[in-house]
Amino acid sequence: MAEASTTPEASPRTPAEDLSPDQLRAAYRLMVLARSVDERCLALQRQGRIGFYAPLQGQEAAQVGCAWALRPEDWIFPAYREIAVALVRGVPLQAIIDQFYGNAEDEVKGRQMPNHFGYRQFRFVTASSPVGTQITQAVGTAMAAKMRKEPIVTISFFGDGTTSSNDFHAGLNFAGVFQAPSIFFIQNNQWAISLPRERQTRSATLAEKAQAYGIAGVVVDGMDLSAVYRVVREARERALSGGGPTLIEAQVYRLGPHSTSDDPKRYRTEAELAEWKGRDPIARMKQQLLSSGDLTEAQDQEYWGEAREQLASVIKHAESVPPVAPSTLFEDLFARPTPALEEQRAELERLLSEGVVKP
Amino acid sequence: MSELTLVQAVNRGLQQAMRADPDVVLLGEDIGVNGGVFRATEGLQKEFGADRVIDTPLSETGIVGTAIGMALYGLKPVPEIQFQDFIYPAFDQIVSELAKFRYRSGGQYPCHVVLRAPYGGGIKGGLYHSQSAEAYFAHTSGLKVVIPSTPADAKGLLLSAIHDEDPVLFFEPKRIYRAVTGEVPDGDVRVPIGTASIVRDGTDVSLFAYGAMIPPTLKAAESLESEGISAEVIDLRTLSPLDEKAVLTSVEKTGRAVIVHEAPRFCGYGAELAAILAEKAFFSLKAPIQRVTGWDTPFPYALEHLYLPNAERIVHAARSTARAG
């Protein structure tokens, strides 16, 4: 996989207290890229060119601010909406789009729906669809790293709905008991498909659940990139200095549908959407950078333009790559295929060669 | 060689693996200070420390989820589920995560966890301390499922499991944890996963069993011999991947098959064995296949002696198979 151009510049062991104007501009540029991916992929799905898409609009500042406060050696356990996190980590856009197409160059060999990617070299663990399972896993990795005395943290990403899951409880509880260097990053986007946040829990905030586990809990405005960056940076330092895990609730809003299979008009009002659109993290960040003189309208136009071009080019490539070969269906289940799998692979090959099924 | 019970052999296997490799860690409920409710991990926390023999909070999904995270990182975790009956809260982690990590990541993330759990009835454990849930896991692609029946196999298969590269569910027949002792080789002597064992040669009927069903099956074979029926007993040892060759070879010789397991009959492991025999040994079969299994009910408390297959039921089935056709 080619080295990415979007990786944050080499920073000291502990990320700086605040982001420099240059870093803020670079972060904004990635937010623009993430939003552009979203808009383009929603269209690709409608055109039938990709099978599914789960957008992240409204969550760009939370994702970019959070990922920027991590070090490349930290382990990321994503849910299925963390495209901006992957971009900050340096995952090439081509790799992400190839996954959406499930083509022969897709790192996960066309096995998963779009959004369920993973890249070992970037310590970005492959996502699954069941919610919450990554939380206990991230805690286990943190326990292992602590055992081996490697100064890294693990972070799990999930939404407000997942705070109702078994693994949320088990994960926070284990992390508290074992003081695992792990961060739990909730993007509370207010909706778990059709259910509003207040139907998940009677708690006033999600972060206050941390108290019951004896760990730190923080609420942050997830539409404010710098604020998110600061709390994640602090959580990372706390974890590495033996202060234990932190539960962070970034309050954001899911501006789009849950996924391309969802119609939010069935359960939420236009007025609510309009109100949150007024707090769009991209518009907010742009305004901030314009008023501080760290961004010009021309640069902004340039960012949107380059994102469009980059997307056009990676989509063109992804569509030119052949689909995954049928024989890959039987790979990677075990380190070595079992006799029964070899037999089934031969059976499928026979069916293909006899024309009973088409490739 | 040492004369050990099955549970002692498990303990020696864990000790052997932990001495050889600092990446091997154990985690589970009551396994540390207490040495496990069946004493399978007795003395190990004392020898290897609380960092490597971890007493966890009471949460199966927590145990398996964190074990997966440790395995992704490069450790070799061997979690214990106290009773197989309590494995269901971890079902999601086992079936959706452990079994699929290598596959769903395109081979990027092998996930080598050896999950140990005592299983099976005959200890007056009722519904929730007696179950034989192997079929759920044998049905799940991406998992290896191993069940030993002797002390030597318990240690040898456990060592193979810990040195494997894939997730292994290692189910221990708790009813015979201490029922018999046997000679167990000292040191790192492994029994390969994926090979069945012919524990008794015979020519008239093949008896297939595993785990705690091996002793009554052997007893049945002896009794059949006195009636002039020569029974071959195959201990499957690994349910997935199955040693299909051993199964087919035996039935090609005998032409008759009886399958024994204590799990319920419907969609039990025997159904798969019977289907394989029907598909691949149909013309060797001289009589219908028989299954001797637990009934299609939950595992009962007071009537467990009527639920569990015993030598008499196995003899009865083998006799009717031998007479048929």
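Reader: How many residues of chain B are in contact with chain A, and how many of chain A are involved?
Author: In this predicted model, 34 residues of chain B are in contact with 37 residues of chain A, where contact means that the C-beta atoms of two residues, placed from the backbone, lie within 7 Å. Local features need pLDDT of at least 70 and side-chain atom pairs count only at pLDDT 80 or more, whereas totals for chains, interfaces and linings use all residues. Residues are numbered from 1 along each chain as its sequence is written, with chains lettered from A and ligands numbered from 1 in the order in which they are written.

Reader: And which helices of chain B supply at least two residues each to the side that touches chain A?
Author: Those are helix H3 (60-73), helix H4 (91-98) and helix H5 (101-104) of chain B, and the largest share of that side, 10 residues, comes from H3(B). Helices (H or I, at least four residues) and strands (E, at least two) are DSSP runs, numbered from the N terminus.

Reader: How many helices and strands has chain B, and what does its C-alpha trace span?
Author: Chain B has 12 helices and 14 strands, and along its principal axes the C-alpha trace of chain B spans about 60 × 45 × 40 Å. Among the contacts in chain B between residues at least 6 apart in sequence, 80% join residues at least 24 apart.

Reader: Now the open sheet of chain A: what is the strand order?
Author: That sheet of 5 strands has the order S1-S2-S3-S7-S6 in chain A, with parallel pairing, two strands being paired if DSSP finds at least two bridges between them. The edge strands, each pairing on one side only, are S1 (75-77) and S6 (216-221) of chain A.

Reader: How many bridges join S3 to S7 there?
Author: There are 6 bridges between strand S3 (residues 182-188) and strand S7 (residues 246-251) of chain A, which run parallel, and A:Phe184 has A:Leu247 in S7(A) as its bridge partner.
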